[in-house]
Amino acid sequence: MNYRMTVFIIGKMLGVESALLLIPALVAFIYKEKSGVTFLIVSAVLCLIFLLFGRKAPENKRIYGKEGLVIVGSAWILWSLFGAMPFFISGTIPDYLDAFFETVSGFTTTGSTILVDIEALPRGMQFWRCLTHWIGGMGVLVFVMMLTSLDDDNSMHLMRAEVPGPEADKLVPKARRTARILYSMYFVLTAVEVVFLLFGGMDFYDALIHSFSTAGTGGFSNRNASVSFYDSAYIDGVITVFMILFGINFNLYFLIRMKNWKAALKNEEMHVYLGIILVSVAVISINVLGMYENIVHAFRYASFQVGSVITTTGFYTADYNLWPELSKTVLLSLMVVGACAGSTGGGIKVSRLLILLKSVRQEIKHMLHPKSVTVVKINGKKINRDTVHNVYIYFICYILILMGSVLLVSIDNFDFATSFSAVLTTLNNVGPGISLAGPVENFYEFSALAKIVFCLDMLVGRLEIFPYLLLLSPDLWRRKF
């Protein structure tokens, strides 16, 4: 393995995080908060690391897929470790593990929190907390590629390791240009949402905060009551629409940008994704109708919660813990499904479920007609055997990690609904679960062991398991690739 190039890229990444910390520092100084100094301290430390390891590239710059996975897995942990320091040094979150939990939840766009009183945070800290969503939504390495120059042959290995979904393709021949195209679309959608929220009566700071969290499908808010604080059907509607938009594969926006409307509108994954949303909203609206004044109100709250959960954003406008069991079960199912591949959303991804279901159908056909040749197709294109095999392995690992995590978290002796949903929501990067991990609750009461498990689940869920399985493999450290 090319250790020198790995260290160089990670050093460069930490240099970018150093620069990013200057933004919340500026926000803190604008609002005359002393906590801004802590951002400068951590920024200076990261800048020093960058000067030592990230300035001069080694002679051998070649890396492959294995190095890409190692770099991605290590970088996300290091960004979270250093990103937690402003919370800890300032005393905003006195326990470092809690600060690390909050930062991991931010960068992985999970949105689970240990904070009891969010509104007590200084504005600079709130800004940094939600900015981590925006950066992590598209991927920290994609963000670094957009800003810095990495060799294009190498950078695609990083993009494939980080972009969620069973396959990751370049939109254009150069990976760096692909990153810039992704972030340009990401930025435009975020800016448009800010404008719409301003029209709804939000001030600029709140609109920016909530747009960051919507874009990254993260769910952090600067309000204890999340979006329900505003009690506005207009704001609920705007955020619902944008959550769903950010849950769609960004490749489709590129196709629209290239005026290839036909290919974009015929996308099979998008059809299934929108179909699941429509059916879920209809079922929950009918199921909770007796709890609201009329069908319009039931639809409003059902659509927001469905959009929030399937895109793994985690905002809430209603305490769905109080909803009937059918509605809660639908929401728990949506936590697993997640959004589309290539979006900022988490979960297993609709495309994987499509591949899995079509593979099952293929096997049934093969059993009925042993001599027939059957293939799995998505959008009319054949899915190769390696991709199908990768999906099978992913599901097996997902179930094993879910079971193991629930077993460890159950040591805290909370009820099963709490333990199971807390693991499910962190592994799928959703945010709130049900019962004591529900939308109006938080993760503060969990033990240190459980919080470490949740942090690992959030990281594993965001990077979709394989980078961290590789880091745990003894062969990685014994062999030279």
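How much accessible surface does the protein have, and what share of it belongs to carbon and sulfur atoms? The accessible surface comes to about 20400 Å². Carbon and sulfur atoms account for 66% of it. Accessible areas come from the Shrake-Rupley method with a 1.4 Å probe, and for residues only the protein chains shown count as cover.

The model is predicted: local features need pLDDT of at least 70, side-chain atom pairs count only at pLDDT 80 or more, and totals for chains, interfaces and linings use all residues. Residues are numbered from 1 along each chain as its sequence is written, and side-chain values use heavy atoms, with hydrogens and water left out.

The overall fold comes next. The protein has 23 helices and two strands. Helices (H or I, at least four residues) and strands (E, at least two) are DSSP runs, numbered from the N terminus. Along the principal axes, the C-alpha atoms fill a box of roughly 60 × 60 × 50 Å.

Of the 481 residues, 58% are buried. Buried means under 20% relative accessible area, exposed means over 50%, and partly exposed lies in between (1.4 Å probe, protein chains only). Contacts were also counted, a contact being heavy atoms within 4.5 Å. Among contacts with a separation of 6 or more, 71% join residues 24 or more positions apart.

The protein carries 39 positive and 34 negative charges. Lys and Arg count as positive, Asp and Glu as negative, while His and the chain ends are not counted. Each charge is placed at NZ of Lys, CZ of Arg, CG of Asp or CD of Glu.

The structure holds zero disulfides. A disulfide is a covalent bond between the sulfur atoms of two cysteines. Here the criterion is a pair of cysteine sulfur atoms within 2.5 Å. Two cysteines can be described by their accessibility. Cys47 is partly exposed, at 32% relative accessible area. Cys340 is buried, at 1%.

Two residues other than glycine have a positive phi. For Thr217, phi is near 45°. Thr217 sits in the loop between α11 and α12 (233-246). Its relative accessibility is 0%, so Thr217 counts as buried. For Glu464, phi is about 60°. Glu464 belongs to the loop between α21 (448-462) and α22 (466-471). Glu464 is buried too, with a relative accessible area of 5%.

Helix α11 (residues 204-215) contains Ser211. Ser211 is buried, with 0% relative accessible area. Leaving out residues up to four places away in sequence, Ser211 touches Thr190, Glu193, Val194 and Leu197.

Glu33 is placed in the loop between α2 (22-30) and α3 (36-53). Its relative accessible area is 16%, so Glu33 is buried. Beyond its neighbours within four places in sequence, Glu33 contacts Ala28, Pro122, Arg123 and Gly124. Pro122 is 89 residues from Glu33 in sequence, yet their C-alpha atoms are 7.1 Å apart in space.

Leu354 is part of helix α18 (residues 350-368). Leu354 counts as buried, at 10% relative accessibility. Neighbours within four places aside, Leu354 is in contact with Glu268, Glu269, Val272 and Ile378. Leu354 and Ser228 lie 126 residues apart along the chain, and 34 Å separates their C-alpha atoms.

Gly404 lies in helix α19 (residues 385-409). At 32% relative accessibility, Gly404 counts as partly exposed. Gly404 and Ile393 are 11 residues apart in sequence. From C-alpha to C-alpha, they are 16 Å apart in space.
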